[in-house]
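Student: I would like to learn how to read a protein model. Can we go through one together?
Tutor: Let us take it feature by feature.

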Amino acid sequence: MKRILSVLIQYFYRRKCVKSAKLIGEGQKFNTHSKIRLLDSAKPDQIVINRNVDMYATINVANKGTVYLGEYSKIGISLY
């Protein structure tokens with residue numbers, strides 16, 4: 001039962017972030033603190049999240065800035 005709930009929760013967190021970024025592969029982990037904000041004229045193609053990325057933070061992109069998170073990256077508070 002815990003496994004089913006965990007999968008459902010990850011699905012909703014992922015769905016929240018997939019609208020604002022380009023996801024490559026699978027295995028990305030998001031949580032309640034995962035947010036992607038596109039400011040001014042930014043587009044979802046400017047944020048690339050590769051496979052097996054743990055994202056527990058807010059990413060802001062404005063104008064022509066780009067963000068690329070490589071494979072097995074971790075971004076957030078107290079991640080090492």
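Student: How far does the backbone oxygen of Ile49 lie from a polar atom of the side chain of Gln28?
Tutor: The distance is 3.5 Å, from a polar atom of the Gln28 side chain to the backbone oxygen of Ile49. A polar contact is a pair of N or O atoms within 3.5 Å; within protein, one must be able to donate a hydrogen and the other to accept it, and residues adjacent in sequence count only if both atoms are side-chain atoms. The side chains of Gln28 and Arg14 are also joined by a polar contact, of 2.5 Å.

Student: What should I know about the model itself?
Tutor: It is a predicted model: local features need pLDDT of at least 70, side-chain atom pairs count only at pLDDT 80 or more, and totals for chains, interfaces and linings use all residues. Residues are numbered from 1 along each chain as its sequence is written, and side-chain values use heavy atoms, with hydrogens and water left out.

Student: Where is Gln28 found, and is Gln28 buried or exposed?
Tutor: Gln28 is found in the loop between β1 (22-23) and β2. Strands (E, at least two residues) are DSSP runs, numbered from the N terminus. Gln28 is buried, with a relative accessible area of 5%. Buried means under 20% relative accessible area, exposed over 50%, partly exposed in between (1.4 Å probe, protein chains only).

Student: Which residues make up the nonpolar core?
Tutor: Start with the general idea: in soluble globular proteins, nonpolar side chains tend to be buried together. A nonpolar core is a set of buried Ala, Val, Leu, Ile, Met, Phe, Trp, Tyr and Cys residues joined through side-chain atoms within 4.5 Å. Here the largest core has 13 residues, and Phe30, Ile36, Ile47, Ile49, Met55, Ile59 and Leu69 touch the most other members. The elements giving two or more residues to this core are β4 and β6 (58-62).

Student: Which residues form the salt bridge?
Tutor: A salt bridge is a side-chain nitrogen of Lys or Arg within 4 Å of a carboxyl oxygen of Asp or Glu. The whole structure holds 1. Glu71 and Arg51 form it, at 3.3 Å, N to O. Glu71 lies in the loop between β7 and β8 and Arg51 in the loop between β4 and β5, so the pair ties together parts that are 20 residues apart in sequence. Glu71 is partly exposed at 41%, and Arg51 is partly exposed at 34%.

Student: What kind of aromatic pair do Tyr11 and Phe12 make?
Tutor: A pair of aromatic rings is described by the distance of the centres and the angle of the planes. Rings of Phe, Tyr and Trp (its six-membered ring) pair if their centres lie within 6.5 Å; planes under 30 degrees apart count as stacked, over 60 as edge-to-face and the rest as tilted. The structure holds 1 such pair. The ring centres of Tyr11 and Phe12 are 5.4 Å apart and the planes stand at 70 degrees, so the pair is edge-to-face.

Methods. Helix = DSSP H or I, 4+ residues; strand = E, 2+ residues; numbered from the N terminus.
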